[in-house]
Amino acid sequence: MDLFIVFGYLFSMIVLGIYLSARSSGNKSSQDYFLAGKSLPWWAVGGSLIASNISAEQFIGMSGSGYVVGLAIASYEFMAAAALLVVAKFFFPVFLKHNITTMPQFLEKRFDNRVKSILAMFWVALFVFVNVTSVLYLGALAIKTMTGLPLIYGIVGLALYAATFSIFGGLRSVVLTDLIQVIVLFVGGAIVTYFTLEYLAGGFFEGLSFLYEEAPEKFDMILSKDNPEYKNLPGLGVLIGGMWIANLYYWGSNQYIIQRALAARNIKEAQKGMAFAAFVKLFLPLLVVIPGIAAFVSGASLDRPDEAYPWALNTFVGVGFKGVTLAALIAAIGSSLSSMVNSTATILTLDIVKPLFSKKRNIPDTGLVRIGKVSSFATLVIGVALAPLFANLEQTIQFIQEYTGFISPGVVAVFLFGLFWKRATANAAFIAIVVSIPLSIIIKACFPMFPFLDRMGLAFLILSVFVVVYSSIENYDTNKLSEFKLDRSIFRTSKMFNLIAVVVVFLLIVIYGFFG
């Protein structure tokens with residue numbers, strides 16, 4: 001029964017992916033391939049944002065950290081909700097006003113080609129060697145734990161699955177399949193959480209109460225310094241420190257996330273979609289963290305924490321429902337993979353290949369689309385080749401966050417000053433980006449016990465001071481200044497956005513007030 005459900009779901013999604021790709025194959029517009037023709041409504045934007053974000057990193061990685069740390073790891077989800085609201089209200093109107101297609105394009109318009117090129121190459125490398133690779137590995141690990149299928153088979157299978165709707169159909173195909181997959185992953189995730197809590201105490205709320213009574217330390221949102229996991233989640237640092245850098249980087253400058261909003265039909269639709277995603281983020285810990293805590297309370301004997309979610313699924317979920325949850329996990333992996341692959345191809349094609357060859361001759365739209373397809377294929381091939389290397393990591397989610405944090409302070413500093421401080425110069429931005437990784441390495445080497453989120457916050461402050469001082473000394477480009485002069489009217493938001501924002505902020509205050 002489980003296998004029938006899983007293969008039925010896979011077959012249906014592959015057929016849909018092939019159909020959407022075939023329907024899109026006659027479209028020769030690069031804007032349609034990379035930005036879905038800028039026609040997405042708010043519900044498509046919001047649903048695709050969540051589907052792109054939720055992947056094996058959350059289901060497997062966060063459950064593993066839930067097993068070790070507890071609910072405190074959910075700060076990544078809760079603070080993401082706040083960051084989404086900030087990005088929607090303050091970042092996105094500027095991007096849309098200047099008709100931005102990619103994040104490197106914004107950096108070129110605001111600063112210069114050097115800043116654009118160095119970050120374009122960094123983002124392509126990050127997507128290929130860290131994001132795509134880790135998602136393939138974690139997804140294959142879950143499949144291996146639940147079914148016994150060899151790791152490499154799962155890696156190849158997931159890559160082929162994502163390829164059916166990411167390579168040929170472009171962003172429109174990715175978003176349409178995302179909308180189906182986000183429903184499946186929520187249903188499947190809810191099934192695991194519900195059956196886990198019912199098994200432990202006979203009901204949803206009874207199960208939550210049981211977990212809280214058995215392991216109250218796992219429900220501390222603000223960790224004390226004597227907690228062994230303080231080095232990963234340093235107390236109030238999750239509210240006022242480096243956690244903001246991580247989330248503003250991810251939601252405000254990450255191409256495979258922001259690309260969904262850039263494809264909206266207008267700014268109001270984009271902002272409503274992002275606010276909707278922020279609201280949904282508040283409930284994700286129930287799906288991705290609680291099973292890990294349940295595995296800890298149940299005394300699960302695991303070789304590594306990342307096995308917590310598959311263990312809970314195998315232990316608490318019965319026949320038939322197990323197939324739905326495995327299909328949900330594959331849905332989460334497929335949607336994230338397709339988003340990462342499409343965005344990698346977007347940056348590689350529009351920000352690296354196109355400028356390189358346009359000096360000799362202009363590449364037609366059909367050529368850009370062809371390059372995008374080849375780039376997508378190459379990304380998946382490299383991911384498949386490197387994914388097994390992640391087997392040596394203990395908590396994959398913490399590894400990804402820490403090492404992304406080597407560059408994110410510089411990126412956030414450059415974006416913030418580029419968006420909101422007219423005197424920020426191209427040279428200051430370029431040096432800040434180049435210095436970001438060495439600075440983070442030096443801080444880590446000199447203060448090895450310094451929590452990495454605090455390190456990110458400190459690096460951001462140092463780089464921000466540098467940008468201000470260097471830009472103040474240097475003469476800024478008056479042409480860039482006039483082009484990026486901000487009109488306060490662009491930051492006005494609709495009543496619906498404001499209402500959702502108030503609800504999200506209120507719920508965050510309640511959550512941290514109760515569990516802090």
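Biologist: How do the axes of H6 and H21 cross, and how close do they come?
Modeller: The axes of helix H6 (residues 103-110) and helix H21 (residues 408-420) cross at roughly 55 degrees and come within 11 Å. Axes are lines fitted to C-alpha atoms over the stretch in contact, with angles from 0 to 180 degrees between N-to-C directions; helices are DSSP runs of H or I, at least four residues, numbered from the N terminus. This is a predicted model, with local features needing pLDDT of at least 70 and side-chain atom pairs 80 or more, while totals for chains, interfaces and linings use all residues. Numbering runs from 1 along each chain as its sequence is written, and side-chain values use heavy atoms, without hydrogens and water.

Biologist: What does that make H6 relative to H21?
Modeller: H6 is oblique to H21 (under 35 degrees is roughly parallel, over 145 roughly antiparallel, 65 to 115 roughly perpendicular, the rest oblique).

Biologist: Which residues make the contact?
Modeller: Met 103, Phe 106, Leu 107 and Arg 110 of H6, with Val 414, Phe 415, Phe 417, Gly 418 and Leu 419 of H21 (contact: heavy atoms within 4.5 Å).

Biologist: And H7 with H22, at what angle do they cross?
Modeller: Roughly 20 degrees, with the axes of H7 (residues 113-147) and H22 (residues 426-446) coming within 9 Å. The two are therefore roughly parallel.

Biologist: Which residues of H7 touch H22?
Modeller: Arg 114, Val 115, Ile 118 and Leu 119. Phe 430 and Ile 433 are among their partners on H22.

Biologist: New topic: how many residues of H12 are buried?
Modeller: Eleven of twelve, including Asn 247, Tyr 249, Tyr 250 and Trp 251 (buried: under 20% relative accessible area, exposed over 50%, partly exposed in between; 1.4 Å probe, protein chains only).
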